[in-house]
Amino acid sequence: MRQFQVDRRTLLGAGALAFAVPLASSAEQLTGLGLPWAPNTSSFPTAVDLRARYVYFNADEAAFIEAAALRMIPADPTGPSALEAGVPLFIDRQMAGDYGKGARWYMQGPFGKSTGTQGYQAKWPPAGFYRAAIKAIGDHLGQNNGQPFHKRAEADQDAFLKDLSGGKVDLGADVDGKAWFTLLLQNVMEGYFSDPIYGGNRNLSAWKMIGFSGARYDQRAYVLAYGKPYPLPPVGIGGRPAWSMKG
Amino acid sequence: MRLRARAAAAVLAAGVALLLAARQAPVFAEVVAPAAPVAPATAKATPAVPESPQVAQGRYLAVVGDCEGCHDRPGGAPYAGGLPLATPFGTIYSVNLTQDRETGLGAWSADDFWNAMHNGVRRDGAKLYPAFPYPYFTHITRAESDALYAYFRTLPAVSYRPPANKLPFPLNLRFMVGFWNALNFKPDNAPTTGPNPGQHIVEGLGHCGACHTPKTFLGGDKNGHALEGGKLDNWLAPALNSDQRRGLGAWSTADVAEYLKTGRNARANASASMADVIRYSTSQMADADLAAVGDYLRGHPTHAAAVGDVRVDPKVMQAGQAIYVDECATCHAADGKAQPGYFPPLPGAAVTQSTNPTNVIRFILSGTQTVATDAKPTPLSMPSFGWKLDDAQVAAVATYVRNSWGNVAPPVSPSDVAKLRRKVGKPIQKPSAKV
């Protein structure tokens, strides 16, 4: 039994030996005389160019997205609407980019209705799914009384979105309406709360609403100030108005 | 029984050691490394045969002179030359110092070598360009020159001829250097190590003034302004003198020695061109010599005018503070005190208060990386902000750090930033960031 007992002195000695190994190394062995680094170089995001309007959505699609996003997040006393926050523009840039193309996704068949735990199962990447779904919804609504979604009354729009989310709208074999509604709602929330550099959350309005400090790293001065309001306004990756002298 | 326990402990120790070695535990090494024996960062194979005291002295003097800083090219054999030196007048390639008879110093005598070091004259009688710092090396003694010569005699011959210099007419005519010498160079007629070893290193082999002394339009040292700070390659080599704000006046001798040995101290981190000087030269110098250098530099008189009244637009300071709190405070802390020894404090720092704001602008635009030494093997880096801050914003935050926490320095203008930005180049996006 005693053979596995290690006395204190031996253990300390072992520890000292273990610690001695990295000490004997030179900087060259430890870091190869440097870690990867180059001047002017960093992993910065590509800011959305807000001068252009829609680059992916056509006029019909844009009208649908604007109307639907406005019903998902209407303006109220706590904060701006999805439209005011620039959400449709954010989604347009999402669809125009690698996310919309499913550039990093496995996009081969078989395709089918998702069991719910399978994740994304549409036969198109998100951009194509949006196009097909909005077209199918237009056709579906056109069959019934001809009024496109964005021209309908708010109550009517809400009723349709509710049906869509409940899987009660048949958009044909290829388009899973419920799955697309889930995707749209997800993208609307992303646009509302993401960094303004990507086109949504205009003027940091969503972050102001929830009191999120944004892309500020150092909170040591405030982290122990229990019960006191956080004193600084939110900041985006691209800054905040106080960074410029015009403000 | 006891034996087995020891064996078990040894296995445990080996396991832990392997684990630590595999992870390279940089943070740990960071904390305790100074206690470890320091091997040269560019450790050459120690000679199998013990070398003579003269060769050993020459080997050390080659380190003090940072010969490899210029005479090694990336991928080339040590001392084989070929590194392009971009001078304001054209590109000059360092020569081969190995013992090859055709392309190196193999055919040189000790007298030839002394003539080059002391008078700036090549073996064939042609004048060397002052990119080779003979105006400083002229202060070394004949014994030191002979020791260096003896060490270079031990370098294996490497046949390598550096590319031809790219100098415009008439600078490509070597006799033109004669005129330059007449104006800028005086051979030291009685070189001596003197009573002040720090001065002997700084003014001689160390050739600190090659970068840290302001230059005339001819590229010679400005008379009477030794070590007051020079420009080089779009950097400022800061003042090395007793100036409290812009020099080493607030540093102790130990501060200077620690900086030169490890690449950092509680006041500053070394990067850019100084990184190579520390890597090849000062980190391998004897502690006593570094202390002597520190003693000399921090007592070196300054002639720079005191900082006068500085007026800063409060709106600029407000914008600068907003940027500082959001971006810089992460490492440098809201009060600027940062993490001494890791992230350099800004209050009282020469780099923030130098009259010429080049370095503070460039650090913000391009970022920078601290040198890795055996004592401090983890090179800390500052990210670049050139991609997110425009010229006015860089100017505002630079002005803010130059005039906060007791700092005083002239404000930085957006046009200063624009000018430097054109020289240091555009932001580069890492491929991994493109989605």
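Biologist: How many residues lie between strand 1 and strand 2 of chain B in their hairpin?

Modeller: This is a predicted model. In a regular strand, side chains alternate between the two faces of the sheet. Here, strand 1 and strand 2 of chain B form a hairpin with 2 residues between them. Strand 1 spans residues 84–87 and strand 2 spans residues 90–93. The two run antiparallel, joined by 4 bridges.

Biologist: Which residue of strand 2 of chain B is the bridge partner of Ala86(B)?

Modeller: Thr91(B).

Biologist: Now helices. At what angle do the axes of helix 3 and helix 7 of chain B cross?

Modeller: An α-helix has 3.6 residues a turn, so residues three or four places apart point the same way. In chain B, the axes of helix 3 (residues 53–64) and helix 7 (residues 142–153) cross at roughly 95° and come within 7 Å. Angles from 65 to 115 degrees count as roughly perpendicular, so helix 3 of chain B is roughly perpendicular to helix 7 of chain B.

Biologist: Which residues make the contact?

Modeller: From helix 3 of chain B, they include Gln54(B), Gly58(B) and Leu61(B). From helix 7 of chain B, they include Glu144(B), Ala147(B) and Tyr151(B). The residues of this contact divide into 7 nonpolar, 3 polar and 2 charged.

Biologist: How many residues of helix 12 of chain B are buried?

Modeller: 7 of the 9 residues in helix 12 (residues 272–280) of chain B are buried, so this helix is largely enclosed by the rest of the structure. Among them are Met274(B), Ile278(B) and Arg279(B).

Biologist: What covers the buried residues of helix 12 of chain B?

Modeller: The cover includes helix 4, helix 11, strand 4 and strand 5 of chain B.

Conventions
Residues numbered from 1 in each chain as written. Chains lettered and ligands numbered in written order. Predicted model: local features only at pLDDT ≥ 70, side-chain atom pairs only at ≥ 80, totals over all residues. Axes fitted to C-alpha atoms, helices over the stretch in contact; angles between N-to-C directions. Parallel < 35°, antiparallel > 145°, perpendicular 65-115°, else oblique. Contact = placed C-beta atoms within 7 Å. Nonpolar A, V, L, I, M, F, W, Y, C, P; charged D, E, K, R; others polar. Buried ≥ 20, exposed ≤ 12 C-beta atoms within 10 Å, placed from the backbone. Pairing = 2+ DSSP bridges.
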